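Please read them with the coordinates open.

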Amino acid sequence: FPDGTVHDSEPSFAVFVTERRPLTGCLDLELGARAEGTDVDSVGHETFFAPSLSAGLRWQPSASSVVALSGAYASRAPTASELYADGPHIATETYEVGDPNLDLERSVGVDLSYRTDGPRVSAAATVFYQRYLEYIALEPTGVIDGGSGLEIFDYVGHEAEFLGVEAKVVFHVLGDGTCGLDVEALADA
């Protein structure tokens, strides 16, 4: 910041609720909601209200495996840095410029996951898609700041999409129930 101080966002309040309701013997409905109010005090003062909602189905076809499908709307307030930064960031060797007109970062997404837990092998895999209606990113401008010699990066908000997959396999090599040795493999894209 121009005055050399570091400021950040502070939640004024946050509340959330989660609920799971059985639909059948092996199918549950899961619901969640969160509301957060954030005050950002720095060079300027902004107040944000960021709601988030989620809903999902959890199917447990056997005692050791679960399939889950969920969808969510999420939002978060921009940080003080994203709004008001105007100076060198020594750790990243960039000159950062905030945008005081940024609004909430907002997204909608869906994910599908599978988990199984066996005596010798446990595994989990998730496929997800996230569409940001407003994604806050730090982007290079290609311009060098004359005073610091660092490249200028601007905080901007724009649409974005993320598609990915995560997987994990755990091999239970040794174990007696109280201690053991596991070999774990992870992958994501």
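Is Arg131 buried, partly exposed or exposed? With a relative accessible area of 26%, Arg131 is partly exposed. The points below return to this residue and its partner, after a word on confidence.

1. Confidence. This is a predicted model, with a mean pLDDT of 91 for the protein. Of its residues, 94% reach a pLDDT of 70 or more. Residues 1-7 have pLDDT below 50, and this stretch has 13 contacts in the model beyond near neighbours in sequence. Where pLDDT is low, the predicted coordinates should not be read in detail.

2. Arg131 forms a salt bridge with Glu159, the closest N and O atoms being 3.0 Å apart. Glu159 lies in strand β9 and Arg131 in strand β8, so this pair ties together parts that are 28 residues apart in sequence. The count of salt bridges in the model comes to nine. Side chains of opposite charge can pair when their charged atoms come close.

3. Arg20 pairs with Glu30, and their closest N and O atoms are 2.8 Å apart. Strand β1 (residues 9-22) holds Arg20 and strand β2 (residues 27-41) holds Glu30, so the pair ties together parts that are ten residues apart in sequence. Both ends are partly exposed: Arg20 has a relative accessible area of 46%, and Glu30 has one of 26%.

4. The closest N and O atoms of Arg76 and Glu105 are 3.0 Å apart, and the two residues form a salt bridge. Arg76 is in strand β4 (residues 65-76) and Glu105 in strand β7, so parts that are 29 residues apart in sequence are tied together by the pair. Arg76 counts as partly exposed, at 29% relative accessibility, whereas Glu105 is buried, with a relative accessible area of 10%. What about further partners? Salt bridges that share partners join Arg76, Glu82 and Glu105 into one network.

5. Aromatic residues. The structure holds four aromatic pairs. In one of them, the rings of Tyr132 and Tyr135 have their centres 4.9 Å apart and their planes at 65°. Planes over 60 degrees apart count as edge-to-face, so that is the class of the Tyr132 and Tyr135 pair. Tyr132 counts as buried, at 16% relative accessibility, while Tyr135 counts as partly exposed, at 24%. Together with Phe162, Tyr132 and Tyr135 form one aromatic cluster.

6. Nonpolar surface patch. Nine residues are to be inspected together here: Leu23, Leu57, Leu69, Val110, Leu112, Val127, Tyr129, Leu163 and Val165 make a nonpolar surface patch of about 770 Å². At least two residues of the patch come from each of β7 (105-117), β8 (121-144) and β9 (151-175). Val110 is placed in strand β7 and is partly exposed, with a relative accessible area of 39%. Patch residues must have over 30% relative accessible area, so Val110, at 39%, passes that cut-off.

7. Which residues does Ser113 contact, leaving aside its neighbours within four places in sequence? They are Val66, Val67, Ala68, Ala125 and Thr126. Ser113 is found in strand β7 and counts as buried, with 10% relative accessibility.

8. The loop between β8 and β9. Asp145 lies in this loop. At 17% relative accessibility, Asp145 counts as buried, the limit for that class being under 20%. Not counting residues up to four places away in sequence, Asp145 touches Tyr95, Leu150 and Ile152. The C-alpha atoms of Asp145 and Thr94 are separated by 9.2 Å, although these residues are 51 residues apart along the chain.

9. Backbone at Glu93. Glu93 is placed in the loop between β5 (86-89) and β6 (94-97). Phi of Glu93 is near 55°, a positive value in a residue other than glycine. Glu93 is exposed, with a relative accessible area of 61%.

How values were computed: Residues are numbered from 1 along each chain as its sequence is written. This is a predicted model: local features need pLDDT of at least 70, side-chain atom pairs count only at pLDDT 80 or more; totals for chains, interfaces and linings use all residues. Side-chain values use heavy atoms; hydrogens and water are left out. Patches are made of residues with over 30% relative accessible area and no salt bridge: like charges are joined within 9 Å, nonpolar side chains (Val, Leu, Ile, Met, Phe, Trp, Tyr) within 5 Å. Accessible areas come from the Shrake-Rupley method with a 1.4 Å probe; for residues, only the protein chains shown count as cover. A salt bridge is a side-chain nitrogen of Lys or Arg within 4 Å of a carboxyl oxygen of Asp or Glu. Helices (H or I, at least four residues) and strands (E, at least two) are DSSP runs, numbered from the N terminus. Buried means under 20% relative accessible area, exposed over 50%, partly exposed in between (1.4 Å probe, protein chains only). Rings of Phe, Tyr and Trp (its six-membered ring) pair if their centres lie within 6.5 Å; planes under 30 degrees apart count as stacked, over 60 as edge-to-face and the rest as tilted. pLDDT is the predictor's confidence in each residue, from 0 to 100. Contact means heavy atoms within 4.5 Å.
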